[in-house]
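User: I have a protein model open and would like to go through it piece by piece. Can you help me read it?

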Amino acid sequence: MANKLKMSKRKKIFLLCWLASIAVVLILIFLVGFPDEEKSESIKDAMKDAVLHEHNKISFFGLEVNPSLISAYAVTAVLLIAAALIRIFAVPRFKIVPGKFQIILEKSVTFFNDMAVGNSPHKPKFVGAYIFSAGVYIFFGTIFELFGVQVTATNGNIMSLPAPLADINGAIAMGFTSFAVILGAGIITNGVGGAMRVLKDFSLPISMSFRLFGALLSGLLVTELVYYYVSLSFVLPVIVGVLFTLLHALIQAYVLATLVSIFYGEAVEPKKQKKKVRTK
């Protein structure tokens, strides 16, 4: 009973502190209000540039590129270095009784492996490795924007690097790469018949690409809208940015891994041999 009373008191204190912090934030919002000074660009231009990247370009070895390309290179480099370090230093030290890091790593690998075995039981090894890699890239590529890496655009504006898949080009590349994996597996396993199984779903790479792009772009635009107004930029950007980013990272990684494993399983499924009926 005493422990329960202590827990209830702690909950009440925590709730009161939370409500007090919200009240302080609201008071600050009403006191500050909207700024009188003019913005360097309108909210329409800011959100349009977040989609099309017409103005805020990044110089990359003398070439003007979209900022998402720099994000893609940075995320890829970090993941490759992390994978090499884990394989060289962490994996040889794995124990029968696992530690926290080993548990997280094994649970992650097991999750995607079970998905591959469940959706494509005939040849699950390759697709398991692919959806694990794609899922990890989507997850960490999405949460990359939370770090707020600041860069200077070619027009002199200071901006944060967005998620790689918030660019339509990155989303299309991921969608068509996944489609190529499915198509290649179908051809290798079942020849022309396997290719026809995949090609009948001709809209698959388009749907995967635009699903990724639309989901991640919606979070980017909402965050851009919140950051644009000073009166909303005390606590809301943290809440909105973290929630939208984490939800999209988890959901989109899961959705793409599920779709790829399902269509891969259909492509590599062995042909059903018809039983010949003997006539007397």
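**Contacts of one serine**

Analyst: Leaving aside neighbours within four places in sequence, S261 is in contact with M115, A116, N119, S120, V127 and I131. Contact means heavy atoms within 4.5 Å. This is a predicted model, where local features need pLDDT of at least 70, side-chain atom pairs count only at pLDDT 80 or more, and totals for chains, interfaces and linings use all residues. Residues are numbered from 1 along each chain as its sequence is written, and side-chain values use heavy atoms, with hydrogens and water left out.

User: Where does S261 lie? And is S261 buried or exposed?

Analyst: S261 lies in helix α9. Helices (H or I, at least four residues) and strands (E, at least two) are DSSP runs, numbered from the N terminus. S261 is buried because its relative accessible area is 0%. Buried means under 20% relative accessible area, exposed means over 50%, and partly exposed is in between (1.4 Å probe, protein chains only).

User: How far apart are the C-alpha atoms of S261 and N119?

Analyst: They are separated by 5.6 Å, while the two residues are 142 residues apart along the chain.

User: What about T258, which residues is that one in contact with?

Analyst: T258 is also placed in helix α9. Apart from neighbours within four places in sequence, T258 is in contact with M115 and N119. T258 counts as buried, because its relative accessible area is 17%.

User: OK, step back. How many helices and strands are in the protein?

Analyst: There are 9 helices and 4 strands. Along the sequence they follow the pattern α-α-β-β-α-α-α-β-β-α-α-α-α.

User: And what share of the residues count as buried?

Analyst: Of the 280 residues, 33% count as buried. The protein exposes about 18100 Å², and carbon and sulfur atoms supply 70% of that area. Accessible areas come from the Shrake-Rupley method with a 1.4 Å probe; for residues, only the protein chains shown count as cover.

User: What share of the contacts join residues at least 24 apart?

Analyst: The share is 70%, taken among contacts between residues at least 6 apart in sequence.

User: Which residues have the most contacts inside the largest nonpolar core?

Analyst: They are I131, M174, I182, L256 and V260, in a core of 39 residues. The elements that give two or more residues to this core are α3 (67-90), α4 (100-119), α5 (124-143), α6 (168-190), α8 (204-228) and α9. The largest share, 8 residues, comes from α9. A nonpolar core is a set of buried Ala, Val, Leu, Ile, Met, Phe, Trp, Tyr and Cys residues joined through side-chain atoms within 4.5 Å.

User: Take I182. What is I182 in contact with?

Analyst: Neighbours within four places in sequence aside, I182 is in contact with V198, L204, V260, F263, Y264 and A267.

User: New topic: aromatic rings. How many aromatic pairs are there?

Analyst: The count comes to 6 aromatic pairs. Rings of Phe, Tyr and Trp (its six-membered ring) pair if their centres lie within 6.5 Å; planes under 30 degrees apart count as stacked, over 60 as edge-to-face and the rest as tilted. For F112 and F132, the ring centres are 5.7 Å apart and the planes are at 80°, so the pair is edge-to-face. This pair links distant parts of the chain, with F112 in helix α4 and F132 in helix α5, 20 residues apart.

User: Which residues do ring pairs link into a cluster?

Analyst: The cluster is made of F111, F112, F132 and Y254.

User: Last one. Which residues form a nonpolar patch on the surface?

Analyst: L243, F244, L247, L250 and I251 form the patch, with about 460 Å² of accessible area together. Patches are made of residues with over 30% relative accessible area and no salt bridge: like charges are joined within 9 Å, nonpolar side chains (Val, Leu, Ile, Met, Phe, Trp, Tyr) within 5 Å. A salt bridge is a side-chain nitrogen of Lys or Arg within 4 Å of a carboxyl oxygen of Asp or Glu. F244 is placed in helix α9 (residues 236-268).
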